[in-house]
Amino acid sequence: MLLYLFRRILLVIPAFWALATLVFLLSRLLPGSFAEERVLQSDAGFYNKSDAASREAAYTAYLKKSGQTLPLFYISISPDNIPDTLSQIFPEARRQQLQQLAFKHGSWEDVAAYDEALERFINPLTPSIKSKVSSQLQVIRFSHEKTEIAGALTTIQKKIAELGAPQNYYNELTLAFNTLSKNSEPYSFLLPELRWNGLENQYHQWLSAIIKGDAGSSYRTSRPVSEMLWEAIANTFWLLFGSMLLTMALGLLLSIQMSRGKMAWLRRLSLPALFVLDSIPMFVLALLLLVLLANPNFLQLFPVYGMGYYQAPDLSYLQRTAQWLQFMALPITCLVLVNLPYITNQIYSALQAALHANYAQTARAKGLKEVAVIRRHALPNALLPIITLTSDFLPALVDGSIIIETVFAIPGTGRLLVESVLARDYPVLVAIVVLVLAVRMLAYALAEGGYAWADPRIKQELS
Amino acid sequence: MSLLWQKISGVWQSKLGFKVSASYLLLLLAIVLLLPWLPLPFAPNHLDLDYTSVKPFSERAWASGHILGTDTLGRDLASNLLYGARTAFFIAFPVISLATLLGTALGVVAGFYHHQGAKLLRYQALFYLLAGIAFLYYSVYVPAKSIKLGLGTSPAGYALLTFFSLVIVLWIVCRFLLAKVTCFRRVWVLPADAVIMRFVESLSTVPRFVLILVLAAFLPPSVPLLSLLLIFTMWPASARLARAEMLRIKQLSYFEAALSIGSPTIRLLWHHAFPNLIGPVLIAYIFGLGGLLTLESTLSFLNIGVPGTLVSWGRTISSIRTNTAAWWLVVLPGSLLSITVLALYTCGHYLSKILTAKA
């Protein structure tokens, strides 16, 4: 039994690893991280009291601190052989030129030498000279076409000679450029070249931290991710747990009643009603409940949003629960209503299958009452599909809780997920995926335990 | 095919529910397709700031021409509803069609090769492997990189050219190996079923909505990208269905007979499996369409993955947040969405009834 459970859990781990890796690599490969947007944005804001140079310095420091200057993965493919110092080059367009040159001409060393010579050439120029050759400077700093750069360099040489400025830095620059164009392998990107980066890479660091249980800290709030999750998880847990229990209880009750011969009217009434209920999307139902029952313009029966701002400290346990229930009533109702059709349908058909089996017929033939046949004979045999259903039901509930928490502004994991998606807060996203997978594994384990409990044959088989 | 059509027309005549819902869907579809040529008084994104939050059918509504009212920014609800339907169908139809196509193809392959695996000669396997790697590098990585770096399309063109010539060279080399080296003639069995099903399982360990949300965080909000994402997360369901059906069909005696007289694989799949498969796939298609309409509205309600300028039911519903007294912003689009989904589910329900009654 335990061995079987263990194998089942082991099967989930590769999927889990693949997904987490995918999310991590995507989050690092795609441009426009949260920090970049916040630290480097030029319009007014909290971080932007300083000038561009210090913003860039802050950004570089941030990259270094968060380890983002390291190579991304164990191996990299050339022409992607951009070294780690690249991210310290500003402005962005300049960085792009170097990347373009490296991509087109293959040799990063020559590109770096060109960049260095360029800096040495430009820095001592006086503003008056700079303004005279500004368009050519633009070209040599931002273009990736060799012919354009060469043309601009000759123009600059003429103008500098006219103005009588020092030539030595210029010669160095042309030398570097000539080396670059001489060594250039224009189609080097057609020949992939694998490079081994060693263990000092972002992926390795992230993975080892995750295995140690450290999920990093949020880009958005700078707080540890585990702390944020821990705060959010309780609300979600109670929401899920409460609605799951209630849905299962209601579903069982309804299907038992529907299975009785006398209750044909209930069957005729509730099956179409459930069918209609099934086609109402969850967020529409949630908003309808919110607009109708928690709105000063219609019926103010429930508190509107969230879990309340203020909680008196000296409330008894009962009082606190009552207050909590007030806030949770609508969300739980909504989740139950949305999931009830599917659950009831499944339980009902499992029960029907059991009622048509031979043993049920025997039980009826020996004169047992209908309720007793259902309770004692059909229900235990219908339990197996119901247990499968319960564990499969969990993802649907998680999906539902995301929407419900967003609509009702409950500070839970679902809302945290939506907020992190909107803010592109990747560490939190990765952590939530991990959490969801862990819950899934737990559900598997519980379901296996449930099978063994419901069917002694399985217990024997598994042990 | 004609049998299926006969059955559908049979239900049409005998069941009122099917008739009503199918004609509703056809009507809605016609409106959605003809929408740009219909004379609507207001464009969906037109802001009529003189008439904000107009109640439907009130005096102000009749006076202003916004019969179904407006939202807090003065956008006309009627045209938003119709254009929202257009958006929903324009996203849902291609997505569900492509996802069903992809999922069914992979599922059929998985089911067909369930027992024996796909047999390949070793040189073929080697060729496909190397060509696959070359495809990833030259047709995906290099073009993506050069476009990202702003180098234009010429490096991508060179890369594609290299890819095609490489494939030809590879093919010649592999043929040569086949002729000269005997060990390349041996059969190599590809466990197609296991590979595809492992992939499907990994995709479905995370709840679908969570997966969509997390992946949407990495994409800029745009409709084509969101559609790709939806296809990526939708296909496992139809792959599972097609695989299960294929396994069932393989057990049928007529299929075994066709197999035993040595029909080629293509003929087996197209002539013998496909007609048996289409019923369940069609039902799943209809239910999936309903699910996608809901999903699209939910995503645009959360404002995830879609641009804010996209007219959709979800966006209209989400504007309730700025004015909670405006019940019509939830009730009208919500009921339109629910009725459409209900009509789809009703059609699917009746279809599944007749199609399973035969089996």
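In chain A, residues 24 or more positions apart account for 70% of the contacts with a separation of 6 or more, a contact being defined by heavy atoms within 4.5 Å. The structure is a predicted model, in which local features need pLDDT of at least 70 and side-chain atom pairs count only at pLDDT 80 or more, whereas totals for chains, interfaces and linings use all residues. Residues are numbered from 1 along each chain as its sequence is written, chains are lettered from A and ligands numbered from 1 in the order in which they are written, and side-chain values use heavy atoms, with hydrogens and water left out.

Chain A contains 19 helices and two strands, where helices (H or I, at least four residues) and strands (E, at least two) are DSSP runs numbered from the N terminus. Of its 463 residues, 44% count as buried, that is, under 20% relative accessible area, with exposed meaning over 50% and partly exposed in between (1.4 Å probe, protein chains only). The accessible surface of chain A comes to about 24,300 Å², and 63% of this belongs to carbon and sulfur atoms; such areas come from the Shrake-Rupley method with a 1.4 Å probe, and for residues only the protein chains shown count as cover.

Ser243(A), in helix α11 (residues 225–259), has a relative accessible area of 0% and, leaving aside neighbours within four places in sequence, is in contact with Ile332(A), Leu335(A), Val336(A) and Leu397(A). Ser401(A) belongs to helix α16 (residues 370–408) and is buried at 2% relative accessibility; with residues up to four places away in sequence not counted, Ser401(A) touches Thr236(A), Leu239(A), Leu240(A) and Leu335(A).

The contact between the chains takes 51 residues from chain B and 56 residues from chain A. Together the two chains bury about 4,700 Å², 78% of it on carbon and sulfur atoms, buried area being the accessible area (1.4 Å probe) that two parts lose on being put together, summed over both. Leu149(B), Thr205(B) and Phe218(B) supply 15% of the area that chain B buries against chain A, more than any other three residues. Zero salt bridges are counted between chain B and chain A, the criterion being a side-chain nitrogen of Lys or Arg within 4 Å of a carboxyl oxygen of Asp or Glu.
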